[in-house]
Amino acid sequence: MSAAWDTDVLVVGAGLAGLHVAALLAGRGHAVSVVDKRTDLGRAVRTTGIFVRRTLDDFALPEDRLGPPIRRVALYPPSLRRPVVLDSDRDEFRVGDMPGLYAAFTDRAREAGARVLLGTRYAGYADGAAQLVGSDGAPSVAHARFVVGADGARSRVARDLHLDRNERLLVGAEEVFASAGTEVPAFHCVLHPRLAPGYLGWVVDDGEHVHLGTAGYGSRYPDGVWRAMRDLAAVAPGLPSRPDAVERRGGPIPVGGLLRRISSPRGLLVGDAAGAVSPLTAGGLDPCLRLSEHAADALDDALTSGDAGALRSYDGAALRRRFRGRVAMRRAMGLVRSPGAMEATFAALRTPPGQRAARSIFFADRSFPLPAPV
Ligand SMILES: Cc1cc2nc3c(=O)[nH]c(=O)nc-3n(C[C@H](O)[C@H](O)[C@H](O)COP(=O)(O)OP(=O)(O)OC[C@H]3O[C@@H](n4cnc5c(N)ncnc54)[C@H](O)[C@@H]3O)c2cc1C
């Protein structure tokens, strides 16, 4: 027989989106449980962990879990010749120590009163009861007033709650290793239709760690994403020699924009599960934190009032309109399929208006759009 327990809110997924919404709701006095199938959140990390200035300004991330600031972006065409170098007079990016940040967010959620159950897989939902399976195979049932799908780009909760699901996905892969130190911490981006079809390859060296990665449309990598990584490593600018042992990371990145239907009377979606990733930059860390705050407000209203209808205010369709420009630019980026066309794009990037446009994307003051407070 399965053990059964009750909670106000069951959060499925202990990434930053799930842990943040759990801490906020538990801090307001609600009974919150978070489950994640991983037994150790510091392993099998699925992000580079680049945080942009707006996130660093607006969220209290632990200083000792952030790498040195980066102010330089260098954009390389397929020939790797004549990069467009953008320098900012402000600290623009910092790379997070992701295992350390997951641990800090877990501590915050627990300190706020949430239960965090690792090694616990969500296996389905019906009539207010979530089926869970422990890492030892032991089943249990959680009766939850609301379920939060924070279970990533291929969300099972989205399917079970009959909500929208991500259809446009990039696939990303990277290697991480210790830096030998660098004079100028930099984010080198290679725009190459074969090595990173539809997106970009990167070398980020902040003086502490090096991240070498590629992301693009999976079906367009001629020999798969890890083969493209090897090819990129052979030519990548700014790449020091790699040790034999590196940490490997990878995963899907939703880039179709925020999904329209992200809530129902049973619960809602946050983070990648909701498609909360910038379609243009493929950054999801800022959006997942911001959207989790909006989700916590909606759930708090619903729990406090006893009216599940309060979740209607959590409406992806309304927010999605503000993404139109970025979705259109992502589509345009995806259309550049030959090295020649990419070189031509670089001719435009080298002009003053092209550089202004690039700066506004990489050093943006804008962040993930949320409804204005009423
Ligand atoms: C290679 C790569 C590099 C990236 N780099 C950056 C970057 O530098 N900056 C940036 O802003 N964004 C980046 N992104 C995107 C960003 O990492 C994500 O948008 C963000 O981490 C999403 O957080 P999340 O909490 O929604 O999901 P996740 O961090 O994916 O968390 C989902 C959690 O749900 C759990 N889970 C899933 N299914 C179940 C289940 N059935 N039962 C229990 N648990 C379950 C998983 O184990 C996981 O812990 C990158 C993505 C990739 C793939």
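Trainee: Where is T47 found?
Mentor: T47 sits in the loop between strand 2 (32-36) and strand 3 (50-52). Helices (H or I, at least four residues) and strands (E, at least two) are DSSP runs, numbered from the N terminus. This is a predicted model, in which local features need pLDDT of at least 70 and side-chain atom pairs count only at pLDDT 80 or more, while totals for chains, interfaces and linings use all residues. Residues are numbered from 1 along each chain as its sequence is written, and side-chain values use heavy atoms, with hydrogens and water left out.

Trainee: Is T47 buried or exposed?
Mentor: Buried means under 20% relative accessible area, exposed over 50%, and partly exposed in between (1.4 Å probe, protein chains only). T47 has a relative accessible area of 18%, so T47 is buried.

Trainee: Which residues is T47 in contact with, leaving aside its neighbours within four places in sequence?
Mentor: Contact means heavy atoms within 4.5 Å. With those neighbours left aside, T47 is in contact with M98, Y102, E174, R249 and L285.

Trainee: Now the helices. At what angle do helix 1 and helix 3 pack?
Mentor: Axes are lines fitted to C-alpha atoms, for helices over the stretch in contact, and angles run from 0 to 180 degrees between N-to-C directions. Helix 1 (residues 16-27) packs against helix 3 at an angle of about 20°, and their axes are 8 Å apart. Angles under 35 degrees count as roughly parallel, over 145 as roughly antiparallel, 65 to 115 as roughly perpendicular and the rest as oblique. Helix 1 and helix 3 are therefore roughly parallel to each other.

Trainee: Is the crossing of helix 1 and helix 3 left-handed or right-handed?
Mentor: A crossing is left-handed if the near helix is turned anticlockwise from the far one by less than a right angle, and right-handed if clockwise. The crossing of helix 1 and helix 3 is left-handed.

Trainee: Which residues meet there?
Mentor: From helix 1 come L16, L19, H20, A22, A23, A26 and G27, and from helix 3 come M98, Y102, F105, T106, R108, A109 and A112. This contact of helix 1 with helix 3 divides into 10 nonpolar, 3 polar and 1 charged residues. Ala, Val, Leu, Ile, Met, Phe, Trp, Tyr, Cys and Pro count as nonpolar, Asp, Glu, Lys and Arg as charged, and the others, Gly among them, as polar.

Trainee: What does T106 touch, not counting residues up to four places away in sequence?
Mentor: T106 belongs to helix 3 (residues 98-112), and T106 touches L19, L41 and V116. With a relative accessible area of 7%, T106 is buried.

Trainee: How do helix 1 and helix 6 pack?
Mentor: Helix 1 and helix 6 (residues 285-305) pack at about 35°, with their axes 8 Å apart. Their crossing is right-handed. Among the residues of helix 1 that meet helix 6 is A17. The contact of helix 1 with helix 6 divides into 11 nonpolar, 2 polar and 2 charged residues.

Trainee: Which residues is A17 in contact with, leaving aside its neighbours within four places in sequence?
Mentor: They are A150, V270, G271, C288 and S292. A17 is buried, at a relative accessible area of 7%.

Trainee: How many aromatic pairs does a search of the whole structure find?
Mentor: A pair of aromatic rings is described by the distance of the centres and the angle of the planes. Rings of Phe, Tyr and Trp (its six-membered ring) pair if their centres lie within 6.5 Å; planes under 30 degrees apart count as stacked, over 60 as edge-to-face and the rest as tilted. The search finds 3 aromatic pairs. F93 and F187 form an edge-to-face pair, 5.6 Å centre to centre with 85° between the planes. This pair links distant parts of the chain, F93 in strand 6 (residues 93-95) and F187 in strand 12 (residues 186-190), 94 residues apart. The rings of F187 and F362 have centres 6.3 Å apart and planes at 85°, so that pair is edge-to-face. F93, F187, F362 and F363 form one aromatic cluster.
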